[in-house]
Amino acid sequence: MSTGEFSNLHVWVGQYEKAGFTEGQGNEAKLEEPCQMDLDEEGNIYVAVRKKHRIAKITPDGMLTNYTGTGTSGTTDGPLDKAQFNHPEGVQFGPDGALYISDYWNHKIRKIEKD
């Protein structure tokens, strides 16, 4: 029977004291300095991975993949596989369905429009 209270904190995605960025399931994945995150309508989590200059996507079953960002700091706009960020801090879905990104060291708010 559920009590409605939270309990049993554990690592869901990533590895303690293992820096880097590696796609994978659960503790096979690596995230270096994950920051703010937000959920889409399907329950996927999008998280800013500050030190690896990426936005990661985590599916409801805990599979981490790169959503956008090359992993190299920069300010390139364009296709998701070519886009560059410089220490992204936050992500938030707007009422228009677009994903807004606080690109901290580029001093910009970036926008990924929904298809």
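**Residue classes and ground rules.** Throughout these views, Ala, Val, Leu, Ile, Met, Phe, Trp, Tyr, Cys and Pro count as nonpolar, Asp, Glu, Lys and Arg as charged, and the others, Gly among them, as polar. This is a predicted model, so to speak: local features need pLDDT of at least 70, side-chain atom pairs count only at pLDDT 80 or more, and totals for chains, interfaces and linings use all residues. Numbering runs from 1 along each chain as its sequence is written, and side-chain values use heavy atoms, with hydrogens and water left out.

**View 1. Here is the largest pocket, at about 330 Å³.** A pocket here is an open set of points on a 1 Å grid over the protein atoms alone, where a 1.4 Å probe fits and there is protein on both sides within 12 Å along at least five of seven lines. Its volume is the space filled by probe spheres set on the points, which are joined across faces, edges and corners. Lining residues have an atom within 4 Å of a point. There are 15 of them, with D40, Y67, F93, G97 and K114 nearest the centre. By class, that lining splits into seven nonpolar, two polar and six charged residues.

**View 2. Next comes the second largest pocket, with about 160 Å³ of space.** Its lining takes in 13 residues, and D77, G78, R110, K111 and I112 lie nearest the centre. Strand β8 (residues 108-112) gives the most, with four residues; strands are DSSP E runs of at least two residues, numbered from the N terminus. The class tally for this lining is six nonpolar, three polar and four charged.

View 3. A salt bridge means a side-chain nitrogen of Lys or Arg within 4 Å of a carboxyl oxygen of Asp or Glu. (Buried is under 20% relative accessible area, exposed over 50%, partly exposed in between, with a 1.4 Å probe and protein chains only.)

**View 4. K52 and E32 join two loops through a salt bridge of 3.6 Å, N to O.** K52 belongs to the loop between β3 (45-49) and β4 (54-58) and E32 to the loop between β1 and β2, so the pair ties together parts 20 residues apart in sequence. K52 is partly exposed at 27% relative accessibility, while E32 is buried at 17%. Elsewhere, E33, R50, K51 and E89 are linked in a salt-bridge network. The whole model has ten salt bridges by this rule.

**View 5. An open sheet of five strands runs β1-β5-β4-β3-β2, with antiparallel pairing.** β1 and β2 (34-39) are the edge strands with a single partner each, so one side of each has no neighbour in the sheet. Two strands pair if DSSP finds at least two bridges between them, and β1 and β5 have two. G24 has L64 of β5 as its bridge partner.

**View 6. E17 and H87 each show a positive phi of about 60° without being glycine.** E17 lies in the segment before β1 (24-25) and is exposed at 68% relative accessibility. H87 lies in the loop between β5 (63-68) and β6 (88-93), and is buried at 12%.
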